[in-house]
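Have a look at the structure, then read on.

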Amino acid sequence: MVEYYSNPEQRLLWVDENGINARGKTVMAEIRQADGYGLRAADYKLPDADGFSASENPTDWLADAEIQISFAALDYAHDARGGRIEPQQISKNLDPTLQLPNPTEVIESIAIRSDPAAYLRSFQPDQPQFEALRQKLIELRGGNVEKAKEVVHIPDGPTLKLGVEDQQVALLRQRLDMPATDGNEKSVRPGRARRGQAISGRARHACRRHGRSRHAAGAQCAA
């Protein structure tokens, strides 16, 4: 983070002359939901969103708020990815190699994201099993449980390539939560669709997040 803020050309991420900006408030709101993911929101120190006063040392307040939110975002990304505990302290049988986020990459990436809260959320596991456990935790704590999304299962089929029409493309779009059309693909007929650049990119991204090669998952992950 020192490297990022040492560059005088870097813009402030979370504050402006009026206090905490919209991006900062969005990130703070996301971090405050950490309890719903099995973390502790109280562990991430955040500024008072309504504490800015233009007449009382505004520069110092803005600087402190900017740094506090950045530190909280970095800590949250680290903890969400699994860096809060050492697995072998729980059991010698737990020996995963944790790929913890690089702080420099996190701060540089979140700086350019249109939705910084969604970027932070992406460090949490996205498997259906984790979401089911998360909802159970919320339920046990007396919170409102979200209705689980139906998982779209894609049967085995041919390897899909750009421009190829196949019925499985429609299922793949549903699995990736993509609309029936997008900016660089033509309209598609119900039940049969053409695979284009946008769906290919989304599929590759999904496969990388799940540790799968683009060749290993057949119709779901082929380039």
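Arg134 is buried, with a relative accessible area of 10% (buried means under 20%, exposed over 50%, and partly exposed in between, using a 1.4 Å probe and protein chains only). Its side chain meets that of Glu131 in a salt bridge, 3.1 Å from N to O; the term asks for a side-chain nitrogen of Lys or Arg within 4 Å of a carboxyl oxygen of Asp or Glu. Glu131 counts as partly exposed at 28% relative accessibility. Both residues belong to helix α7 (residues 128–140) and sit 3 residues apart, about one turn of the helix.

A quick word on ground rules. This is a predicted model, where local features need pLDDT of at least 70 and side-chain atom pairs count only at pLDDT 80 or more, while totals for chains, interfaces and linings use all residues. Residues are numbered from 1 along each chain as its sequence is written, and side-chain values use heavy atoms, leaving out hydrogens and water.

Now for the other salt bridges. Side chains of opposite charge can pair when their charged atoms come close. The count here comes to 6 salt bridges.

| Pair | N to O distance | Where |
|---|---|---|
| Glu131 and Arg134 | 3.1 Å | helix α7 |
| Glu139 and Lys136 | 3.2 Å | helix α7 |
| Arg121 and Glu30 | 2.9 Å | helix α6 and helix α2 |

Arg121 forms its salt bridge with Glu30, and this pair links distant parts of the chain, 91 residues apart. Arg121 is partly exposed at 35% relative accessible area, whereas Glu30 is buried at 4%. In the Glu139 and Lys136 pair, both are partly exposed, Glu139 at 43% and Lys136 at 41%. There's also a network of salt bridges linking Arg40, Asp43, Asp79 and Arg84.

(Lys and Arg count as positive, Asp and Glu as negative; His and the chain ends are not counted.) A polar atom of the Arg23 side chain does lie 2.6 Å from the backbone oxygen of Arg113. Leaving aside neighbours within four places in sequence, Arg23 is in contact (heavy atoms within 4.5 Å) with several residues, including Leu13, Trp14 and Ile110.

Ile110 leads us into the core. The largest nonpolar core has 33 residues, and Ile110 is among those with the most contacts inside it, along with Ile31, Tyr76 and Leu120. Such a core is a set of buried Ala, Val, Leu, Ile, Met, Phe, Trp, Tyr and Cys residues joined through side-chain atoms within 4.5 Å. Two or more residues come from each of α2, α3 (58–83), α5 (103–112) and α6 (116–121), and α3 gives the largest share, 10 residues.

Zooming out, the protein chain has 9 helices and 4 strands (DSSP runs numbered from the N terminus: H or I of at least four residues for helices, E of at least two for strands). Of its 223 residues, 35% count as buried.

Methods
A polar contact is a pair of N or O atoms within 3.5 Å; within protein, one must be able to donate a hydrogen and the other to accept it, and residues adjacent in sequence count only if both atoms are side-chain atoms.
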